[in-house]
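Open the model in a viewer and keep the selection tool at hand. The stops below say what to select next and what is there.

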Amino acid sequence: MPVFTRFSGSSQPGDGVPEAEDEPAGGEREESERGATAASGPAPEASRTSLGHRLTRLRTWRTRHPRTARALHLTATALAAALVLGALLLPNTLPALKAAGFARIPAEAVIGAVVVLALPRRPRLVAAVLYGLGLTALTTVNLLDMGFNEYLGRGFNAALDWDLLPDAQAYVEDTLGGGVATAVTVGAVVLVLLVAAVMVAATIRLATVLARHRVRATKGALIAGTVWVTCSALGLTLFGGPIASERGAGALRVHAQRTVESLRDEAAFVQQSKADTFGNTPPGQLLPDLRGKDVIFTFIESYGRSAVEDPIMAPGVDRTLDTSNKALQKAGFAARSGWLTSATYGGSSWLGHSTTMSGLWIDNQRRYRTVSAGDHLTLTKAFQKTGAWDTVGVMPGVQKGWPEEKWYGLDKLYDSRDLGYRGPKFSWSTMPDQYALEAFQRQVHGKKRDKPLMSFVILTSSHQPWAPIPKMVGWDELGDGSVFDAIQKAGKKASDVLTDTTKSREEYGRSIQYSLTSLTQWLERYGTDDTVLVFLGDHQPIARVSGNGASRDVPVSIVAKDPKVLDKVAGWNWTEGLKPDRDAPVWKMSSFRDRFLKAFGSTPHPSKG
């Protein structure tokens, strides 16, 4: 933004252009100019001529158009003030982004004005630049908070969440293409740099204007400070909020405290992860009441409580659960269902998986890295430790090496490259759930083996953006997956669903119906008298779909033909069938491992941290 200052001889008194302050007069200015010339050396003649020509043209234009120059000056100053005040009062959630929220007096603006008025020219310039950079940081974290609250139901954590940015970029690339992902990344960097440049220009301009009108500005700062203190002391409000605001400083303080607490929590969690109720349990005392059973733990992506209770999604999902429950009952299966409170929300599915399997509350990436690098006993590894089961993982969402395979205790991992799929991707999902389950049956579950099987299966078709969504085909028609080509091409575009909240909610519900149908039909088709299926959601869908203030609860079900299996969990008071009642027990997801191990006969032998 241009800063219009008056050069010697550029205008006459009363032309409407404010005079510049702090400009050396007479001999002082000449001495300053001589010192500058001596320090920097003589400028090239062409440069001096070009600069002088431009300055002459500017002086001439301002002299000829004083009203226009003054209007531009006032407009630029007003815009600078609006930017600074807007940054100081910007909320960190989209619902709070209302015009009434900006009808406040920010303490940071009053303090900033007092500081620049008290400083000489060069320190004032440095302070203005630092203030502008501070506003850039504040704006950036507020925008990140908006995004995280909208998608993950929580604010941005500077100590933990930088690790998620590469995953976010990979998600955009898989969903919308590499070109879009690159454009978004470059756009984000350019946006931050642009905000920094604009904020610094705005603060420099305001500092210059305040210094130029020092007397009036001092009086104004004194009045504003008095009003702020009065409003704060009396608790005066306007449009439902306090008139005296310290929103900017408060936001930075919250982020600083959040960072410090996260670092302390990380150190405490290292010790917590070393203690384990079943850490020293001998193999023979682990899961004795499930010996001989084929046990399958299956996570359905984003299968949350909203899917079975929200008025838009629930009708279709509930019909699917009811139909599936009747079909399984006809095939001889029975089910019990309850609720688990997930450690994550809207994304980061691996945090839900690891929390359920480890019995530890893993709600951030640092905790995940800490525990997965150690030897804390996972539920899946307990099966491996007994030596009584073969243990496998089926993870169509994994597209490269996955070192956590060892921590989960899997003898063999089948990822997207091992399942023989030759059909199209469905947005982020590498293959439809129906195909993944059929490949699991063909390559693993259906084969004869010396030991029963423990399987860890992660389904992906209900992953956002829920477009396009696969459709069920005949199980005998799946082949190599090419049958899904026409279905994928006829499906909705991810870009259309991502930008429409109503469509996102509708398509999310349909994706859950598809995943549930795929899993229950697979069980009906291939389950045996010894099959025990445990399936659950990893987390709720994003806040834009599940709704602001939604719980973190996810449904969990145990399905088996052998009544003795469900008798072991009778004391859990879960609901009969595949849909848990509203008042069914709600446990933290981290409590499931120990409850499951104890229910099926495991004896605790703790290890200490």
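**Stop 1: two serines in loops**

Select Ser348, which lies in the loop between β6 (334-341) and α12 (349-358); helices (H or I, at least four residues) and strands (E, at least two) are DSSP runs, numbered from the N terminus. The model is a predicted one, where local features need pLDDT of at least 70 and side-chain atom pairs count only at pLDDT 80 or more, while totals for chains, interfaces and linings use all residues. Residues are numbered from 1 along each chain as its sequence is written, and side-chain values use heavy atoms, with hydrogens and water left out.

Ser348 is not a glycine, yet its phi is positive, about 55°. Most residues other than glycine have a negative phi, and most peptide bonds are trans. With 13% relative accessibility, Ser348 counts as buried (under 20% relative accessible area; exposed is over 50%, partly exposed in between; 1.4 Å probe, protein chains only).

Go to Ser302, in the loop between β5 and α10 (305-309). Ser302 also is not a glycine and has a positive phi, about 60°. Its relative accessibility is 3%, so Ser302 counts as buried.

**Stop 2: two cis peptide bonds**

Select Gln464 and Pro465, which are joined by a cis peptide bond with omega about 20°. Pro465 is in the loop between β9 and α17 (485-490). Next select Ala467 and Pro468: the peptide bond from Ala467 to Pro468 is cis, with omega near -10°. Pro468 lies in the loop between β9 and α17.

**Stop 3: helix α16**

Select residues 433-445, helix α16. Its end C-alpha atoms are only 15 Å apart, whereas a straight helix of 13 residues would span 18 Å at 1.5 Å a residue (the expected span is 1.5 Å times one less than the number of residues). Of the 13 residues of α16, 11 are buried, so the helix is largely enclosed by the rest of the structure. Among the buried ones are Tyr435, Leu437, Phe440 and Val444. To see what covers them, show elements including β5 (294-300), β7 (390-395), β9 (453-459) and α19 (501-526).

**Stop 4: helices α5 and α7**

Select α5 (residues 121-152) and α7 (residues 178-212), whose axes come within 8 Å and cross at roughly 140°. Axes are lines fitted to C-alpha atoms, for helices over the stretch in contact, and angles run from 0 to 180 degrees between N-to-C directions. That angle makes α5 oblique to α7 (under 35 degrees is roughly parallel, over 145 roughly antiparallel, 65 to 115 roughly perpendicular, the rest oblique). The contact (heavy atoms within 4.5 Å) includes Leu125, Tyr131 and Leu135 of α5 and Val192, Met199 and Ile204 of α7. By class, the contact has 14 nonpolar, 5 polar and 1 charged residues (Ala, Val, Leu, Ile, Met, Phe, Trp, Tyr, Cys and Pro are nonpolar, Asp, Glu, Lys and Arg charged, and the others, Gly among them, polar).

**Stop 5: helices α9 and α13**

Select α9 (residues 247-272) and α13 (residues 365-372); their axes come within 10 Å and cross at roughly 25°. That makes α9 roughly parallel to α13. Residues in the contact include Asp265, Glu266 and Phe269 of α9, with Arg366, Arg367 and Val371 of α13. The contact has 4 nonpolar, 2 polar and 4 charged residues.

**Stop 6: the whole chain**

Zoom out. The chain has 22 helices and 13 strands, and buried residues make up 46% of its 609 residues.
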